[in-house]
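Please walk me through this structure, one piece at a time.

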Amino acid sequence: LLSELKGKVYFNPLIGGYEIADKFIAGNVISKADEVQKFIVSHPDHEAAKESLDALREATPKPIAFDDLDFNFGERWIPTGIYAAYASYLFDTDVKITYAASRDEFSIHASGKNAKIWDQYAVRSENRLFDGVALMRHAMHDTTPDITKTVKMGEKEVKVPDGQAIQLANSKIDEMRNGFPDWLREQSPEFKDRLAGLYNRTFNCFMRPEYDGSYQSLPGLDLKALGIDDLYKSQKDAVWMLKTNGGGICDHEVGAGKTLVMCCGAMEMKRLGLAGKPMIIALKANVHEIAQTFCTAYPDAKVLYPGKEDFTPANRARIFNEMKNNNWDAVILTHEQFGMIPQSPEIQRDILQKELNSVEENLEVLRNQGREISNYMLKGCQKRQVNLEARLKGITHQIATRKDDAVDFRRMGIDHLFVDESHKFKNLTFTTRHDRVAGLGNSDGSQRALNMLFAVRTIQDRTGKDLGATFLSGTTISNSLTELYLLFKYLRPKELERQGINTFDAWAAIFAKKTKDYEFSVTNQIVQKERFRYFIKVPELASFYSEITDFRTAKDIGIDRPEKNEILHTIPPTPDQQEFIQKLMAFAKTGDATILGREPLSESEEKAKMLIATDYARKMSLDMRLIDPQKYDDHIDNKASHAAAVIAGYYKTYSAQKGTQFVFSDLGTYKPDVWNPYSEVKNKLVTQYGIPASEIRFIQEAGSEKSRKAMIKDMNEGKIRVLFGSTEMLGTGVNAQKRCVAVHHLDAPWRPSDLEQRDGRAIRKGNEVAKFHADNKVDVVIYAVEKSLDAYKFGLLHNKQLFINQLKNNNMGCRTIDEGSMDEKSGMNF
């Protein structure tokens, strides 16, 4: 039997038995090889173990040479002795550096201070000296000192940031940070090989097998009842991966059949004893369909699918006991119902205590740094400390007064979670010193995400392993690679710990580079904008993601859906727009709001000057009347006129088939009795092109779920031919693709995932008119006013999407990525 299975199974000394190749030659193959090597030392004649060792060595990723590595100053995996040697070289004196993992903090001590520390690498502020050691601490943590000066405002003296001193400090910090990789390159070849070897063992050690699920028989699955001949190969492979790993991420595009992956995955885990009671949670809009599919696929399964009334306060205790006391094959809930399940207070206490320790340690660090910390940062930490302490107090009381029969998530015995549309839980709490970095999201996180963390940790505590959950979403990364850290925080806590990553900052120190852009504030002070713009060592990041992920595009799966034909429709600026662009540039330079015909900026508005300018620029390129409906008028060459002409063209071309169109804009959405671009385009379509008003509708008109469904039905029947809406209201959960021939973007959303969601309304399975009458293509028309933000924003979105797809495919052509420097929170530099 073993000779027949050669290459398909391997002896694993860690379990004292054989394992299939997909499980054994997977994950961290370097540490597995070390363990097998140890076993062989004490069992030198064990042939099967030697075969296993050879297979692991062959699967080890190709080592990355020192010259191909990017290094940041302050990466936590680099031994502190190396940093101390660099600091001693830089300061020309003996320097000791220690790192406290629990606080995620470096301490630096120079045995004797000299002119380099006192002067060359120092910055003097109004009332103190930031010496080289203090600035080096900032360099290692990639932070900026808070330096202030006193200025007279009328009678009062106030402290304001000292822009010049801060800029000088940053230039010295940058000099230290940039000098580190240069210094490393000058070391001996042996030293460089050792450092590269350590990096490879820590990060470049993951192997992802090609999971082949084609030989699973899936007992009990009723294909006939589902009306299909078989599952897609991709669905079988995903189920096989989940069974082998005990969870993971299914990153499948819309329409790839995630529902059956969950149903079959849950049932297979149950059948094989890998899970005793799996739970599926999904969006309210999809949960009924999932429950129906589950019961059709497995007619004999014991499934609990509670209704709305089961979760009223009166019935909740009963339904929780039902979950706990029965041996269900699956429990299916909405995200909201899941949020109502009380989480185990012990788990909550442990996690919140960890967060509190991390905040308290940060506070301790801040206080030790004395006066070089920002008040803003201190206050932020103190606020989080008070919030966490209050929550912990409540939980301790809850544990003390709990009744014996109280049911919580841990006592229910749920041991695997399938989380559909998992990106809804990405707002997870994290502690960071990068309090001024744009685009990081809210570090406090949401209660919904914290609940999910409690549940996932409950399962991981029980098994002693990572994963324990399956996240399913087509947009696991919706905007920035920093979102990867939160995915890993949920699913890979033990692996992050092995890599020496206990906090977001420790992760960012390895994989991200911060850029500092300078802008002039209204008072002509120089203000600094920070963001994680560059990502380094991206291939290792990609392989860490792909090791637990099954990523598929619709093309990979061979889903029968139309292709996207993207058309950039450029529009020359109208005379009003040209004049306004000049005004905007002047406003961005001077901050004089009266140029734009508005009141002078208030103090808080001054801080957000670029955001205000960006907001004006967005409105300007959509329609000047969004800026001032009295002052500006319609124009034959504005965006509304162009869009109406293009929409009318498609309307005529596909009249016989009753071809339909989606029109998206997040700005200037429909409001009754107020001028808005939606109504303006509709008005032109009716008056200039003779399209009946009843065939043009706005999704905002649907006041209830019932009228929304009726609208979608009318769209599929061709009674509504043009439907307007925003990403939020029309971009998800709308299956009105049957006759769609075109999608129009009047504005650009901020995130690549939003663009994908919009296009997905038409580019999906079941689009019959596109298939039979439009060469199986859907035109996606992007309207961009020249010299405006439009083209820049779409370019940025395309770049981001390209990087995200390369990362997910694990085929990075480069080791560094530039994500671009514009986001919703900060606007752009004019």
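This is a predicted model: local features need pLDDT of at least 70, side-chain atom pairs count only at pLDDT 80 or more; totals for chains, interfaces and linings use all residues.

Residues are numbered from 1 along each chain as its sequence is written, and side-chain values use heavy atoms, with hydrogens and water left out. Helices (H or I, at least four residues) and strands (E, at least two) are DSSP runs, numbered from the N terminus.

Start with a helix pair. Helix α2 covers residues 29-42 and helix α3 covers residues 47-59. Their axes lie 9 Å apart, and the packing angle is about 155°. Axes here are lines fitted to C-alpha atoms, for helices over the stretch in contact, and angles run from 0 to 180 degrees between N-to-C directions. That angle makes α2 roughly antiparallel to α3. The cut-offs are under 35 degrees for roughly parallel, over 145 for roughly antiparallel, 65 to 115 for roughly perpendicular, and oblique for the rest. The crossing of α2 and α3 is left-handed. A crossing is left-handed if the near helix is turned anticlockwise from the far one by less than a right angle, and right-handed if clockwise.

Which residues of α2 and α3 meet? From α2 come Val29, Lys32, Ala33, Val36, Gln37, Phe39 and Ile40. From α3 come Ala49, Lys50, Leu53, Leu56, Arg57 and Ala59. Contact means heavy atoms within 4.5 Å. By class, the residues of this contact are nine nonpolar, one polar and three charged. Ala, Val, Leu, Ile, Met, Phe, Trp, Tyr, Cys and Pro count as nonpolar, Asp, Glu, Lys and Arg as charged, and the others, Gly among them, as polar.

Strands β8 (residues 148-153) and β9 (residues 156-161) pair antiparallel over six bridges. Strands pair if DSSP finds at least two bridges between them. Lys152 faces Glu157 of β9. Two residues separate β8 from β9, and Gly154 in the turn has a positive phi of about 65°.

Now the seven-stranded sheet. This open sheet has parallel pairing and the order β13-β14-β12-β15-β17-β11-β20. The edges are β13 (303-304) and β20 (549-552); each has a single partner strand, so one side of each lacks a neighbour in the sheet. β13 pairs with strand β14 (residues 330-334) in the parallel sense over two bridges. There, Leu304 stands opposite Val331 in β14.

Two helices pack on these strands. Helix α12 (residues 284-297) touches β12, β13, β14 and β15, and its direction makes about 160° with that of β14. Helix α11 (residues 258-271) lies across β11 (248-252), β12 (278-282), β15 (416-420) and β17 (469-472), running at about 175° to β15.

How do α11 and α12 pack? Their axes are 10 Å apart, at an angle of about 50°. That makes α11 oblique to α12. The crossing is right-handed. Thr259, Leu260, Met262, Cys263, Ala266 and Met267 of α11 make the contact with Ile290, Thr293, Phe294 and Ala297 of α12. Eight of these residues are nonpolar, two are polar and none is charged.

The other sheet has six strands. It is open and pairs in parallel, in the order β21-β26-β25-β22-β24-β23. β21 (563-571) and β23 (696-698) stand at the edges with a single partner strand each, so one side of each has no neighbour in the sheet. Neighbouring strands are turned by 20° against each other on average, direction ignored. Within it, β22 (residues 660-664) runs parallel to β25 (residues 740-745), joined by five bridges. Phe662 has Val743 as its bridge partner in β25.

Helices cover this sheet as well. α27 lies across β21, β22, β24 (722-725), β25 and β26 (777-785), at about 165° to β26. Helix α31 (residues 752-759) lies across β21, β22, β25 and β26, at about 150° to β25.

α27 (residues 639-653) also meets helix α28 (residues 677-687): their axes come within 9 Å and cross at roughly 50°. That makes α27 oblique to α28. This crossing is right-handed. Ala640, Ser641, Ala644, Ile647 and Ala648 of α27 meet Glu680, Val681, Lys684 and Leu685 of α28.
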